[in-house]
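Subject: Structure handover

Hello,

Here is the structure for you to look through. Please open it first, then read my notes below.

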Amino acid sequence: MLSRRIIPCLDVRDGKVVKGVRFRDHVVMGEIVDLALRYRDEGADELVFYDITASPEGRSVDRGWVERVARVIDIPFCVAGGIRSVDEARAVLHAGADKISVNSPALERPELVDELATAFGVQCVVVGIDSMRDADGEWRVRQYTGDPSKTRSLSRRTIDWMIEVQRRGAGEIVLNCMDSDGVRKGYDLEQLGKVRAVCHVPLIASGGAGAVEHFRDAFTQARVDGALAASVFHSGAIGIPDLKRYLQHQGVVVRLQGSCGHE
Amino acid sequence: MSVVLVDAGGTNIGSVRYALQRLGVDASLTSDAAQIRTADKVILPGVGAAGPGMARLRELGLVDVIRGLTQPVLGVCLGMQLLCAHSAEGDTDCLDVIPANVSRFQETPDLCVPHMGWNRLSTVARHPLLDHLEEGDWAYFVHSYAVPMGEYTLASTDYGGGFSAVIAKDNFHGMQFHPERSANVGAKLLKNFLEL
């Protein structure tokens with residue numbers, strides 16, 4: 001049986017891992033390779049690296065650190081940040097990333113998802129969706145969230161975009177629930193539960209983790225395949241081995257064996 | 001020991017190469033027939049689709065080269081599927097060194113396709129490739145097509161029913177998961193392959 005995945009997210013800015021609250025006011029958390037190795041040793045199932053400034057600045061992800069991570073890491077990792085073309089995606093995959101995630105560029109040009117799926121197979125193609133609830137109660141998509149001064153609200157409903165990207169070839173969807181991001185009050189179970197019904201590819205929850213119970217709720221109530229978190233892991237507030245033991249105790253299938261260090 | 005990675009355009013070549021480096025083996029990346037024939041070990045990595053994968057091997061003139069190899073060969077993920085007779089993905093005739101067919105996972109409300117994530121391995125038949133593998137060891141999978149259980153299955157994994165996680169026939173071996181991304185378990189299995 002497939003395990004539920006615990007996925008530390010490393011927001012990368014100018015070659016360092018950073019974290020901000022509600023996507024703002026970023027502070028440096030550490031070196032990319034050091035943090036990647038630490039999470040691998042603690043039993044992370046996968047890592048996601050977001051080059052959060054690449055998309056608003058109109059540039060693609062820096063390949064140098066992708067290769068450095070690929071050399072030392074033996075768990076899968078996904079790279080996101082300003083990937084706008086099949087060629088840019090290929091460069092990141094050849095540098096050693098297992099998957100590439102597209103967000104803003106897919107909103108600029110949705111055909112990008114089809115092109116990536118055709119070139120590399122749907123299993124390589126993750127679509128990240130930044131979603132926020134509007135005053136009318138509807139969740140809609142946000143673009144260029146890496147830079148608050150450039151963030152745009154779109155008229156596109158989150159659920160419609162989710163259906164569309166699956167049709168185009170998304171192999172996995174990361175839903176960043178911006179209302180709950182960075183405030184550690186739990187994942188947005190209401191929104192995740194709603195989109196789960198239309199999401200037929202693996203769904204990864206993002207935004208809001210503050211306690212081990214939040215992970216349990218995302219898995220048992222919203223039935224997500226993976227839960228992504230950043231600050232609670234970076235700060236040490238939640239240790240991955242403790243989290244996994246807790247989840248196992250709660251009846252969630254997690255990978256525990258052989259996950260800590262070399263045998 | 002010389003180990004070659006067949007450059008069939010797969011995107012996971014870098015990762016497999018780094019995994020071998022972590023085991024102290026510097027594998028060369030090649031599409032040269034002579035170099036492949038004379039290597040001690042041959043690895044066919046692969047991420048992508050069966051049709052383009054076979055087309056690339058034909059273009060490179062490597063179909064008969066691989067079929068004729070007698071040293072240990074390991075296909076990883078798509079590479080394993082290419083060792084089989086036929087894939088339902090694009091109705092593709094493959095290398096046919098392991099007489100098995102590749103079919104698509106049946107998507108259901110409870111079963112997402114692709115099968116993506118960590119799942120458990122269960123030994124079906126004893127083989128040196130599986131030395132030190134413990135029941136329920138976790139491996140990382142990413143695929144939509146799989147080889148059903150059969151005569152050549154060495155280890156199985158359950159995803160809406162069992163399928164072949166590891167297969168072998170004679171000198172040809174296949175792993176459906178990504179050993180290069182399966183932490184200590186993957187390293188153990190790659191090491192086993194290098195020691196065959």
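Is A:Asp11 buried or exposed? A:Asp11 is buried, because 24 other C-beta atoms lie within 10 Å. The cut-offs are these: a residue is buried if 20 or more other C-beta atoms lie within 10 Å of its own, exposed if 12 or fewer, and partly exposed in between, with C-beta atoms placed from the backbone.

Some ground rules. This is a predicted model, in which local features need pLDDT of at least 70 and side-chain atom pairs count only at pLDDT 80 or more, while totals for chains, interfaces and linings use all residues. Residues are numbered from 1 along each chain as its sequence is written, and chains are lettered from A and ligands numbered from 1 in the order in which they are written.

**Confidence**

pLDDT is the predictor's confidence in each residue, from 0 to 100. Chain B has a mean pLDDT of 94, and 97% of its residues reach 70 or more. Chain A averages 88, with 91% of the residues at 70 or above. In chain A, pLDDT stays under 50 over residues 259–263. For the complex, the predictor gives an ipTM of 0.89 and a pTM of 0.90.

**Active-site annotation in chain A**

UniProt's unreviewed entry puts "active site" at A:Asp11 and A:Asp130. They span 120 residues in sequence, but no two of their C-alpha atoms are more than 14.4 Å apart, so they gather at one spot. A caution on UniProt: positions are given in the numbering used here, feature names are shortened, and annotations may be inferred rather than shown by experiment.

A:Asp11 sits in strand β1 (residues 5–13) of chain A. Helices (H or I, at least four residues) and strands (E, at least two) are DSSP runs, numbered from the N terminus. Leaving aside neighbours within four places in sequence, A:Asp11 is in contact with residues including A:Val17, A:Lys19 and A:Tyr50. Contact means that the C-beta atoms of two residues, placed from the backbone, lie within 7 Å.

A:Asp130 is in strand β7 (residues 125–133) of chain A. A:Asp130 counts as buried because it has 26 C-beta neighbours inside 10 Å. Not counting residues up to four places away in sequence, A:Asp130 touches several residues, among them A:Asn103, A:Arg142 and A:Met178.

**Active-site annotation in chain B**

Here the unreviewed UniProt entry places "active site" at B:Cys77, B:His178 and B:Glu180. These are spread over 104 residues of sequence, yet they cluster in space, with a largest C-alpha distance of 10.8 Å.

B:Cys77 lies in the loop between β4 (73–76) and α5 (78–82) of chain B. B:Cys77 is buried because 29 other C-beta atoms lie within 10 Å. B:His178 is in the loop between β14 (172–175) and α6 (183–194) of chain B. B:His178 counts as buried, because there are 25 C-beta neighbours inside 10 Å.

**Sheets in chain B**

Eight strands of chain B form an open sheet with mixed pairing, in the order β2-β1-β3-β4-β14-β13-β12-β9. Two strands pair if DSSP finds at least two bridges between them. The edge strands β2 (28–30) and β9 (122–123) of chain B each pair on one side only. Strand β13 (residues 162–169) of chain B runs antiparallel to β14(B), joined by four bridges. There, B:Lys169 has B:Phe172 as its bridge partner in β14(B).

Now look at strand β7 (residues 98–104) of chain B. This β7(B) runs parallel to strand β5 (residues 84–87) of chain B, with three bridges. B:Ser87 stands opposite B:Val102. β7(B) also pairs with strand β11 (residues 145–146) of chain B, in the antiparallel sense over two bridges. B:Ser103 stands opposite B:Ala146 there.

**Where the chains meet**

How many residues of chain B are in contact with chain A? The count is 33, and they meet 32 residues of chain A. Elements giving two or more residues to this side of chain B are α1 (13–22), β8 (115–120), β10 (138–143) and α6 of chain B. By class, this side has 15 nonpolar, 12 polar and six charged residues. Ala, Val, Leu, Ile, Met, Phe, Trp, Tyr, Cys and Pro count as nonpolar, Asp, Glu, Lys and Arg as charged, and the others, Gly among them, as polar.

Best wishes
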